[in-house]
Amino acid sequence: MIPDEWPLSEATTDRLFALASKGLLLTILIWALFPIYWMVFNSFRTRFEIVGGDPSFTETSLHYQNYIDMWSRVDLIEYFMNSLIIASVTTVIALCIACLGGYAFSRYRFPGRRYVGASLIGTQLIPGILILLPMFMLFRTFHDTVGVQLINTYQGIIFVYTTFAVPFAIWMLRGFFDTIPASLEEAARVDGCTRFQALVRIVLPLAAPGIAATGMFVFLVAFNEVLFASVMARGDVTPLSIGMQQFMERDQNYWGEMMAASTVATVPILLLFVLFQKPIVKGLTEGGVKQ
């Protein structure tokens, strides 16, 4: 039986609900940030402290040698530059294609539009491991037929990342373009602009926050990808995500140097997010609003 009158007042109930919500959010925040804390914390510990049988979450000797030894043990600068080149070029190409594709899905009504849109999202449900071998064999066949090397080259791994990034980027940008009234383009066309000029001068500047959010997503995916890079990006184009594995050798693992290198590799991404925080957050919030 539910009592006729709730024993707590409405103000007390709202206060308890707010406290419970804050407690839940704080728990989720701690759960999400703990791996980052553990990475930074272990970067200042010796190998004996890390692999010892009595782990500590607060006590450390502030061992800075890991940040010095990591540069001599692994060529991090070269790997980082490879990742930066691959992720940046992938982001630029994917955004150019996705802007046109997202605009077309937002403004044009064509037969099969719904099914084509569903197929774009459907591609994200396919595990990458199922595509790895066919993609590798395709590159080998392309090299044997045309003579162009795609395996262990910039153009090959950028092609792979762009292929996977474009469908989801199109779907994201479609939502942002839907929030821009079509009447603005119609007014621009009345003033003499072509549809492409209206897209460049009116739509894209208004969709800049959404483009920034989508670009950040594509960049992070390309920067952190491991599966395809482990097979198709070796040698001179080895990215940072694969170069980190060199800290693990057959006889021992250099955990301190690995944690220090991971911490250093995280700093540029954090700075990039801080610099573009406002357009990214604005883009993520505006993408779900329909007018």
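Predicted model: local features only at pLDDT ≥ 70, side-chain atom pairs only at ≥ 80, totals over all residues.

Residues are numbered from 1 along each chain as its sequence is written, and side-chain values use heavy atoms, with hydrogens and water left out.

Entry one, the largest pocket. I looked up its volume and found about 250 Å³. Of its 14 lining residues, Q124, Y161, F164, A165 and V221 are the closest to the centre. A pocket here is an open set of points on a 1 Å grid where a 1.4 Å probe fits, with protein on both sides within 12 Å along at least five of seven lines, and lining residues have an atom within 4 Å of a point. I see that α7 (154-178) and α10 (208-224) each supply at least two lining residues; helices are DSSP runs of H or I, at least four residues long.

Entry two, the second largest pocket. Its volume is about 220 Å³. The lining includes F223, N224, M258 and I269. Elements giving two or more residues are α10, α12 (240-243) and α13 (255-275), and α13 has the largest share, with five.

I found N152 in the loop between α6 (128-146) and α7. N152 has a positive phi of about 60° although it is not a glycine. Its relative accessibility is 34%, so I logged N152 as partly exposed (between buried, under 20%, and exposed, over 50%, with a 1.4 Å probe and protein chains only).

Technical notes: Points joined across faces, edges and corners; volume = space filled by probe spheres on them.
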